[in-house]
Amino acid sequence: ERERGERRDRERDDLIAIAVNIGGVKLVLYGDVLNRYPESRLAELINCSTLNYDIIYSLCDDYDPGKREFYFDRDPDAFKCIIDVYYFGEIHIKRGICPICFIKEMEFWKIDQSYLDECCKSDLTEKEEELAEIANKVKLILDDLDVIPSVNRSARYQKFLWKLMEKPESSLPARIIAIASFLFVLVSSLVMCVGTIPEVQMEDDEGDLVEHPTLEAIETVCIGWFTIEYLLRFMSSPNKLHFFLSFMNIIDFMAIMPFYVVLTLTYLGTAMMDLAKVQQAVQALRIMRIARIFKLARHSSGLQTLTYALKRSFKELGLLLMYMGIGIFVFSALGYTLEQSHPETLFSSIPQSFWWAIITMTTVGYGDIYPKTTLGKCNAAISFLCGVIAIALPIHPIINNFVIFYNKQRLLETAAKHELELMELQSSEDSMVKATRKSGALGALESSMRTSRSDNSIPLIEESTRTLKSKKYCSETESF
């Protein structure tokens, strides 16, 4: 009898239907569907056997006993996705819905995130990474504004020096130092190029051409600036290990290291090795001075964006190299074979034909080696066309990665500024509350603040989403 009674109760509960109004959209749901996930909010609502309004209002925003209709001030578009879990056992986030806001909707309806499809989880991970980047940018901006005070005097000096050397936008002296560093890089690169002109060089005691003393003096001044800049940045760096392993800092070290190595070899190396070997080592190290041109990337956001786009395009670049490598091998072998019948052939071997295949497929064509037979010319034409196609194929993904990263950086900077504005607005509201606490008007002001203040932990996304939702709710309510 007891089992039969419980079975009748379950059948009665399954036939029960409730009407829910989600942001102006009315739906009728049955108990047999909602009870598939008994821990969800809707299942708790339909299984609520008592008429205690405190329990009912803890599960919904409003309740009409006459219509037995439950009202929820939630996003109807998100609910249309969430309701799928009762029918299909999984949830897909529709395009146009913020994944972070959707997760909050799932938490409200007490649906576990494990029911999200894998494609939606990847979008969620991407959005979480973007929010983490926004938080880091906000933290850096607050740090630049000295909102977060330092603990002691030495930490304050270290932070001041770090901002002076690394944050050109933080103050006028920092901007002047950045411009001076940029000019020193240009002057040093120009001196390196001008120093190779024979008319500018001078002869030493042995009759060899050497750099002009004036250019050497300018080079020494530039290296002195780079050395002081590197040491100051190292001293003020909050993380010395990260400073050493940073790519840009490695370039800075390579830009100043050859000068001191050459100086050491010039004055001390002659006593330990032959003079000719010292001169060869000096010439080999001087060529490393070209690394200082990469210091311009420190002062150019465009070059940094291009570098990141190339990093994201390793797969496309690998495909390009693979296509070119296969084409070079195939067409060089064909060119060598087809040109052997000509008595004045320029293709002496397949490895020597690699050079011809490279300059042909890359549309350079120096003309130092070329086919002379008819079949060899046809092979050259086909290799030329294949080279153009192989180079053009991965260009669009690389450009797309550049545009995506550039737009993403602009959006993150804008979002960080909006987040700071919201923080400033909230701090001003808090100061107004404290100011009116003495005047006795606290209750009215706090109630008005509660209606305008966000109750979520992500005000940037939630406030904009709430504004869009309210407009959509009003239009849908008017249609009803």
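In the predicted model, Tyr-86 is in contact (heavy atoms within 4.5 Å) with Val-33, Leu-34, Arg-36, Tyr-37, Ser-40, Leu-42 and Ile-111, neighbours within four places in sequence being left aside. Tyr-86 and Leu-42 also belong to the largest nonpolar core, which has 43 residues; a nonpolar core is a set of buried Ala, Val, Leu, Ile, Met, Phe, Trp, Tyr and Cys residues joined through side-chain atoms within 4.5 Å. Along with these two, Phe-70, Phe-72, Phe-102, Trp-109 and Leu-116 touch the most other members of that core. A second, separate core of 12 residues includes Leu-320, Met-324, Ile-328 and Ile-359. Buried denotes under 20% relative accessible area, exposed over 50%, and partly exposed the range in between (1.4 Å probe, protein chains only).

Residues are numbered from 1 along each chain as its sequence is written. Local features of this predicted model need pLDDT of at least 70 and side-chain atom pairs pLDDT 80 or more, whereas totals for chains, interfaces and linings use all residues, and side-chain values use heavy atoms, with hydrogens and water left out.

The protein has 21 helices and 6 strands, assigned as DSSP runs (H or I, at least four residues, for helices; E, at least two, for strands) and numbered from the N terminus. Of its 480 residues, 33% are buried. Among contacts with a separation of 6 or more, 58% are between residues 24 or more positions apart. The accessible surface (Shrake-Rupley method, 1.4 Å probe; for residues, only the protein chains shown count as cover) comes to about 29,900 Å², with 62% belonging to carbon and sulfur atoms.

Leu-334, at 39% relative accessibility, is partly exposed.

The whole structure contains 6 salt bridges, each defined by a side-chain nitrogen of Lys or Arg within 4 Å of a carboxyl oxygen of Asp or Glu. In one of them, the closest N and O atoms of Glu-69 and Lys-26 are 3.8 Å apart. This pair links strand 4 (residues 69-72), which holds Glu-69, to strand 2 (residues 25-30), which holds Lys-26, across 43 residues. Glu-69 is buried at 3% relative accessible area, while Lys-26 is partly exposed at 46%. Arg-74 and Glu-105 form another salt bridge, at 3.2 Å from N to O. Arg-74 lies in the loop between strand 4 and helix 5 (76-82), and Glu-105 lies in helix 7, 31 residues apart. The relative accessible area of Glu-105 is 4%, so this residue is buried.

Most residues other than glycine have a negative phi. Lys-110 lies in the loop between helix 7 (99-108) and helix 8 (118-144), and Thr-363 in the loop between helix 17 (350-361) and helix 18 (374-392). Lys-110 is partly exposed at 37%, as is Thr-363 at 43%.
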